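Thanks for coming. I will walk through one structure this morning, starting with a charge and a ring and ending with a helix. Please have the view open.

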Amino acid sequence: MNYTPLDENHMQHKAATVLCCNCGVPMDGSTGLVMCYDCIKLTVDITEGIPREANVSFCRNCERFLQPPGQWIRAELESRELLALCLRRLKGLNKVRLVDASFIWTEPHSRRIRIKLTVQGEAMANTIIQQTFEVEYIVVAMQCPDCARSYTANTWRANIQIRQKVPHKRTFLYLEQLILKHNAHVDTVSISEAKDGLDFYYSQKNHAVKMLDFLNSVVPVKTKKSEELISQDTHTGASTYKFSYSVEIVPICRDDLVVLPKKLAKSMGNISQFVICSKVTNALQFLDPQTLQTAELTASVYWRNPFMSLADVSQLIEFIVLEVEPTGYVNGKRVLADITVARASDMGVNDQTYYVRSHLGAICHPGDSVMGYFIANSNYNSDLFDSLNFDRIPDIVLVKKQYIRKTRKNRHWKLKRMAKEHKDIDASNDYSRQQKVDMERAERDYELFLQELEEDEEMRQTINLYKNQKPVQEEEMADSEDEDAPQINIDELLDELDEMTLDDLTTAE
């Protein structure tokens, strides 16, 4: 009897197939299922019990979100922190396995947050399916307890009183921009203006300490601490205190004329005692305009033997450049030159000229206007100045070049300002008239600060400048501005809309 051997594939038994009870598609019957995978996904909802809408609470004032039960956290839109907060608020999510979660873009001012979720779960015995769905969160505006307490009296637990005893506010204007750039004021309960400075109030002591660390890193200061007992529990021994920190900034500003003590000048590389302050960070930098030598003085060394500046920028006088002769010595961007100048008020009156050695040789040309200190025509009440050898004191110290600039309305850039509390002005009394004078002086200081930013590129890199959305009048600019006036490039400016928060955009609407 003949037979033909079977192949291995024929030797194996074919798997039994059954038809899907829903769509009739053949499927493997060994699994014990009566419905195909596609039909199971269509008929079984593993996300049942997970809501498609939820609420998140948002504080308008401090711009924080509520994380139950009572913690308020700071989270940017479409950030990982906000995504984690939204997922924790979703009930029933623990019944399935979360595979992926991502934001769906919505208008920032719409008060809606949409999230796309992908989950896996067991639809029936030995069957795992994956499904995707969307959840929409409604942002509910409310007020957190910290902000609510800030509107009542005696709620702060720590305050910082920042003072600088100088006749202008340029240092505070720069400090304000540093605070805004680094967001160092987010924990403040309130900010108020005071004579010669600002007051910052905090609900917790550690917030004030954090601010003190920031101030020490950006400006030369000294700090004093005091505390006041508010209440004490005799049974537990617990006490409540209010902490006050007095912060004094070194009373020397950029472009000030300074006479250094003799011993201090020798310890700083034997620099001349007669210098100008060229830069202020967490230390003071001095420049000898006759040699281009620079030296740095730390705040701790200054406060051991403090001294005042000899003259400030309010005493600068305008001079006209007649001739410039470079000496050939260069230090960085500074060029030492012998410059012949005449006082602007003497032009057309007399022929009096002055021969000055200055660090402005790189930017000064005949016909330019420069600002400087007229030493020979001034009377200073200073023991340090009287101790100098008058044969070595120059008649004039040039400080900076003067430009014909744009008015503030015509600038294509602007700065943000901090919201500070101040008293309303009433013209019915002398005190209010003094406030008006102070406001006019503050406007002048602000304009000088803007001019400093235009001149100093290094200074601009430490702060944020924003595009001015208002139209600029080109014709007026062309008629009133010098061709060589320093400009701020559009690449250095930020778009204010990119940094707007959810509450800012809602307010703008």
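**Charges over rings**

Arg-417 lies over the face of Tyr-446, with 4.7 Å to the ring centre. The rule here is that NZ of Lys or CZ of Arg must be within 6 Å of the ring centre and within 35 degrees of the ring normal. Another case is Lys-242, whose charged end sits over the ring of Trp-156, 4.3 Å from its centre.

A word on the source. This is a predicted model, in which local features need pLDDT of at least 70 and side-chain atom pairs count only at pLDDT 80 or more, while totals for chains, interfaces and linings use all residues. Residues are numbered from 1 along each chain as its sequence is written, and side-chain values use heavy atoms, with hydrogens and water left out.

**The overall picture**

The protein has 13 helices and 25 strands. These are DSSP runs numbered from the N terminus: helices are H or I with at least four residues, strands are E with at least two. Of its 509 residues, 43% count as buried. Buried means under 20% relative accessible area, exposed means over 50%, and partly exposed is in between, using a 1.4 Å probe and protein chains only. The accessible surface comes to about 29,700 Å², and carbon and sulfur atoms hold 48% of that; the areas come from the Shrake-Rupley method with a 1.4 Å probe.

Now contacts, meaning heavy atoms within 4.5 Å. Taking those with a separation of 6 or more, 64% are between residues 24 or more positions apart.

**Aromatic rings**

How many aromatic pairs are there? The count comes to 10. Rings of Phe, Tyr and Trp (its six-membered ring) pair if their centres lie within 6.5 Å; planes under 30 degrees apart are stacked, over 60 edge-to-face, and the rest tilted. One of the pairs is Phe-319 with Phe-374, edge-to-face at 5.9 Å centre to centre and 80 degrees between the planes. Phe-319 is in strand E18 (residues 317-331) and Phe-374 in strand E21 (residues 369-374), so this pair ties together parts 55 residues apart in sequence. Phe-319 is buried at 0% relative accessible area, and Phe-374 is buried at 5%. Elsewhere, Phe-274, Tyr-380, Phe-385 and Phe-390 form one aromatic cluster.

**Backbone exceptions**

Most residues other than glycine have a negative phi, and most peptide bonds are trans. Pro-68 and Pro-69 are joined by a cis peptide bond, with omega about 10 degrees. Pro-69 is in the loop between strand E4 (65-67) and strand E5 (71-73).

Glu-78 has a positive phi, near 60 degrees. Its loop runs between E5 and helix H3 (80-88), and Glu-78 is partly exposed at 47% relative accessibility. Asn-270 also has a positive phi, near 55 degrees. Asn-270 is in the loop between helix H7 (262-267) and strand E15 (274-280), and is exposed at 55%.

**Helix H6**

Last, H6. Which of its residues are buried? They are His-207, Ala-208, Met-211, Leu-212, Phe-214, Leu-215 and Val-218. Seen down the helix axis, these fall within an arc of 165 degrees, so they line one face of H6; the arc is taken over directions from the axis to the C-beta atoms. Their cover includes helix H5 (170-182) and the strands E9 (158-163), E11 (197-202), E12 (221-232) and E13 (239-249).
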